[in-house]
Amino acid sequence: SIENFKEKIVVAQSGYPKLDAPYKLYANSNPQGIIVYAPTPNDLTGNKQSEAWQKAITINDYGVDVMQALLSGFPDMTVVFKPYKRELPDLVQKIDIACKEQPNYRMDTSGSAYWDLYSKTNILVSDFSSTAYTFATGLQRPVAFFSPNEDELPSEIINGSYCQHRKTIGSVSKNCEELISDIKFLLSDYDHRCSIIEQFVVENFFTPGEASRAGAECINNLAKNVLPIAETDFTVWQV
């Protein structure tokens with residue numbers, strides 16, 4: 001009955017269902033000497049045309065440089081270029097052509113089906129893509145953030161939750177030289193860095209690995225006009 005929902009709004013924090021799969025399927029996976037470059041994509045839908053968004057996209061001006069720096073900086077590791085599924089084809093081809101002669105280069109076209117690749121990855125390199133936090137929190141492994149426009153970012157972005165936690169789950173580099181140096185440090189301190197991320201997940205995520213179940217139970221209980229499940233934090237606003 002609609003009467004059950006009048007004059008109140010209940011918001012239940014049941015977790016992030018997207019992380020359920022890595023928690024259950026890849027909890028015991030081990031990295032296999034792989035670095036993945038997964039940058040923010042160009043927006044082909046026209047929904048993200050702000051100046052801030054344009055500064056977040058680094059693949060256009062730096063994609064080739066980042067990949068070549070990674071390939072030469074880590075010759076004993078496999079360096080994977082993972083473009084967004086609908087990234088500009090000419091841009092993807094440009095980077096692929098510039099790198100394909102390197103023996104440790106690989107391109108991945110898995111699109112959104114990336115967990116198998118991520119489960120084998122030591123470090124993810126990104127800029128402002130949400131996949132950075134998905135990787136770090138899903139597998140508790142570090143991210144190297146490449147941010148050549150760092151000094152030009154507006155305060156609302158620098159002070160936002162995305163930027164505030166970058167150094168907790170990894171490093172922030174303003175150029176390719178810093179990027180290679182930062183990744184080497186992350187690798188040298190790998191277990192410790194992973195433990196920091198694990199603690200970050202414990203402190204900031206609800207019901208890790210069980211968010212889908214918790215969310216479904218909350219919806220079911222609310223439909224019955226009872227409170228969300230006991231293990232879930234919730235807030236009720238009177239309208």
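**Aromatic pairs and the parallel sheet**

Tyr 114 and Tyr 118 are both buried. The structure is a predicted model. Their ring centres are 4.6 Å apart and the planes meet at 25°, so Tyr 114 and Tyr 118 are stacked. Both tyrosines belong to one aromatic cluster, together with Trp 115 and Phe 135.

The count of aromatic pairs comes to 10. One of them joins Tyr 62 and Phe 146. This pair is edge-to-face, with 5.5 Å from centre to centre and 70° between the planes. Tyr 62 sits in helix H3 (residues 59–73) and Phe 146 in strand S6, so the pair ties together parts that are 84 residues apart in sequence. Phe 146 is buried, at 1% relative accessibility. Tyr 62 is partly exposed, with a relative accessible area of 28%.

An open sheet is formed by 6 strands. Their order is S4-S3-S2-S5-S6-S7, and the pairing is parallel. Strand S4 (105–107) and strand S7 (170–173) are the edge strands, each pairing on one side only. On average, neighbouring strands are turned by 20° against each other, direction ignored. Within the sheet, strand S2 (residues 34–37) and strand S3 (residues 78–81) run parallel and are joined by 4 bridges. Val 36 has Val 80 in S3 as its bridge partner.

Helix H10 (residues 176–188) packs on the sheet. H10 touches S2, S5, S6 and S7, and its direction makes about 165° with that of S7. Helix H6 (residues 131–139) lies across strand S5 (123–126) and strand S6 (143–146). H6 runs at about 165° to S5.

Conventions: Residues numbered from 1 in each chain as written. Predicted model: local features only at pLDDT ≥ 70, side-chain atom pairs only at ≥ 80, totals over all residues. Heavy atoms only, no water. Pairing = 2+ DSSP bridges. Helix = DSSP H or I, 4+ residues; strand = E, 2+ residues; numbered from the N terminus. Axes fitted to C-alpha atoms, helices over the stretch in contact; angles between N-to-C directions. Contact = heavy atoms within 4.5 Å. Phe/Tyr/Trp six-rings, centres within 6.5 Å; stacked < 30°, edge-to-face > 60°. Buried < 20%, exposed > 50% of the residue type's maximum accessible area, 1.4 Å probe, protein only.
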